[in-house]
Amino acid sequence: MMDNTNDRAVPAEGATQKPLPLSAEMETRVARAVDNFMEGYGCCQSVVAAFADLYGLDDTMAKRLAAGFGGGVGRLRMMCGAVSALVMLAGLDCGQTVGSDRAGKSACYKVVQDLIAQSAAANGSIVCAEILGLKGHEKVHSSYVASARTAEYYKTRPCAAKVESAARIFAQYLERKTEHQAG
């Protein structure tokens, strides 16, 4: 489990940060996130589960915690599930645990804003409906009924790429944080 007691945030990264080559461990986590999605898990579940063990969460609990964020939060097509995963993982990594810890809360908010800015820059939006409507993909109407995961589904959705993007953004955050702590 990662210790986040005194290492709340890394220096500001912003949306213009150049991607770093990832370690083999982090590349494996990115691949695991995509594999999770291709197995039928939602965007948020896929990304959170790929990193959950770092924070003492088992795979089942991670997928349960993240389940409701699929389809842009309960399939309402609001904030992309992969982006919601970034928020959840930032909370696990640097979220404050004392209510009066304003500095800790602010540091976590900074990390969240930086991660979201990177996602928006990489993907054109953080809104599920907008992402699904980009580049010719048909917008999906809100419904609580989950889509069947067919070959056609995977051909018409950009979601696997968004899952990979979010996992890569979080992996880069972790590696930058490790470099910052070492240096």
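View 1. Over the chain, the mean pLDDT is 86, and 84% of residues reach 70 or more.

This is a predicted model, so local features need pLDDT of at least 70 and side-chain atom pairs count only at 80 or more, while totals for chains, interfaces and linings use all residues. Residues are numbered from 1 along each chain as its sequence is written, and side-chain values use heavy atoms, leaving out hydrogens and water.

**View 2. Ser119 sits in helix 5 (residues 102–123).** Helices here are DSSP runs (H or I, at least four residues), numbered from the N terminus. Ser119 counts as buried because its relative accessibility is 2%; buried means under 20% relative accessible area (1.4 Å probe, protein chains only). Leaving aside residues up to four places away in sequence, Ser119 touches Val83, Leu86, Gly124, Ser125 and Ile169.

**View 3. Pro158 lies in the loop between helix 7 (151–156) and helix 8 (159–182).** Pro158 counts as buried too, because its relative accessibility is 14%. Asn123 is 35 residues from Pro158 in sequence, and their C-alpha atoms are 9.8 Å apart.

Technical notes
Helix = DSSP H or I, 4+ residues; strand = E, 2+ residues; numbered from the N terminus. Buried < 20%, exposed > 50% of the residue type's maximum accessible area, 1.4 Å probe, protein only. pLDDT = per-residue confidence, 0-100. Contact = heavy atoms within 4.5 Å.
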